[in-house]
Amino acid sequence: MKFAVEKQVFLKGLAKIQGIVEKKNTIPVLANVLITAEEDRLCLTATDLEVGMRAFYPARIESAGSITVSAKKLYEIIRELPEGEISFRAKENCWIEIRGGKALFNLVGLSPEEFPFFPTADDNETISLQSDILSTMVEKTAFAMSADETKYNLNGIFFKTREEDGKHALVMAATDGHRLAKIQRPIDQTSIPQLEKGVIFPRKGIFELKKIAEEGDNEIKLGFLENSAIINKGDTTVVMRLVDGEFPEYERVIPTSNNLTAHIPSETFLHALRRMATLSSEKSKGVRIALKEGLMEISSSNPELGDAREDIEVDYSGQEVAIGFNARYLLDILQSIDEEQVAFHLKDNLSPGLMTPVEDKNYLAVIMPMRL
């Protein structure tokens, strides 16, 4: 195998896969990138058996073939080579020769036959999603994913399609047991059984999905093969093994009787919370929120540091109520809302709070209260 490729093209491809290759190196070939030269393009493939990526790049191919080499070491080498064309040649016993400018590297690789199989989806069984819409949906739910690996069924985002009044929608939800985020957006008609039932995309796969969604405006095609999701966008394919578990019945958690509603300026609320959080307990990050007519008072107290309080003018005319929340959780929700005003719905001082953008009824976040 022999080919030549522009440094920046090769570097971009190698950079994309750095987050996927296996860091722990339990199986040596999983730390490698599979490089395949064919016709007039180069194919780079990486996987850790949970998430995999394959992408194609233009190159000048002199002889076809494939080899695997350390993804991290190759990236570090290519990054430091001078600008211009880089030549790459596979030699006997899986050795690789790399030339750039006056520099010459010889690296040890591994046989491509050791590399895991990379699946492809049937085009007939895919749905098309707008990149910007998918990116927004992930951004507005990913913060609520659990990082606790013992709660494996919460370590990701739940995807499900639903039909209401003849219209189809994609619903995404995430929760860590303390807060829940749910968003719904319309999609074209589809009848993919896996999505009708609901599937959980893994945490690591979600971050890779968001990265490719943010690259360019091409549509994303989403399909399934056995227990894996396959995402296609342009010349890039991401495959991820779905989480094998049941997602909680999250609809039961969403409050339906929170009739105390305050409309609050988002930016003002966000910055006030940040200020109050500086004096909250390091462990609990608890702040107290009290509502009375036309006013919201946010306060925090820490016996070792002191206390703080701030008043915000809000649109509220219900009964007085005071409740404790984790400031960090509230901040995560507010940072995901890009409208000028949020609606904060409460019931009493012990029930979960519900936050929604004032104009977007298809996005909501639930947050559990805490005792202060």
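A disulfide, as I use the word today, is a pair of cysteine sulfur atoms within 2.5 Å. By that criterion the structure holds zero disulfides, and the sulfur of Cys43 shows why, since the closest cysteine sulfur, in Cys94, is 18 Å away, too far for a bond. Cys43 counts as buried, at 3% relative accessibility, whereas Cys94 is partly exposed, with a relative accessible area of 21%; here buried means under 20% relative accessible area, exposed over 50%, and partly exposed in between, with a 1.4 Å probe and protein chains only.

Before I go on, please keep in mind that this is a predicted model, in which local features need pLDDT of at least 70 and side-chain atom pairs count only at pLDDT 80 or more, while totals for chains, interfaces and linings use all residues. Residues are numbered from 1 along each chain as its sequence is written, and side-chain values use heavy atoms, with hydrogens and water left out.

Let me turn to the sheet. Five strands form an open sheet with antiparallel pairing, in the order S5-S1-S7-S8-S9; strands are DSSP runs of E with at least two residues, helices are runs of H or I with at least four, and both are numbered from the N terminus, while two strands pair if DSSP finds at least two bridges between them. At the edges lie strand S5 (60-63) and strand S9 (103-108), each of which pairs on one side only. From one strand to the next the twist averages 15°, where axes are lines fitted to C-alpha atoms, for helices over the stretch in contact, and angles run from 0 to 180 degrees between N-to-C directions.

Within this sheet, strand S7 (residues 85-90) and strand S8 (residues 95-100) run antiparallel and are joined by five bridges, and Ser87 stands opposite Arg99 in S8. Helix H1 (residues 7-17) packs on the sheet, touching strand S1 (2-6) and S7, and its direction makes about 95° with that of S1; contact here means heavy atoms within 4.5 Å. Helix H2 (residues 71-80) also packs on the sheet, touching S7, S8 and S9, with a direction that makes about 175° with that of S9.

Finally, the annotations. In an unreviewed entry, UniProt lists residues 1-118 as "domain: DNA polymerase III beta sliding clamp N-terminal", and over residues 1-118 the chain is 18% helix and 47% strand, with end C-alpha atoms 21 Å apart. The UniProt annotation "domain: DNA polymerase III beta sliding clamp C-terminal", also from an unreviewed entry, covers residues 252-371.

Notes
UniProt positions are given in the numbering used here, feature names are shortened, and annotations may be inferred rather than shown by experiment.
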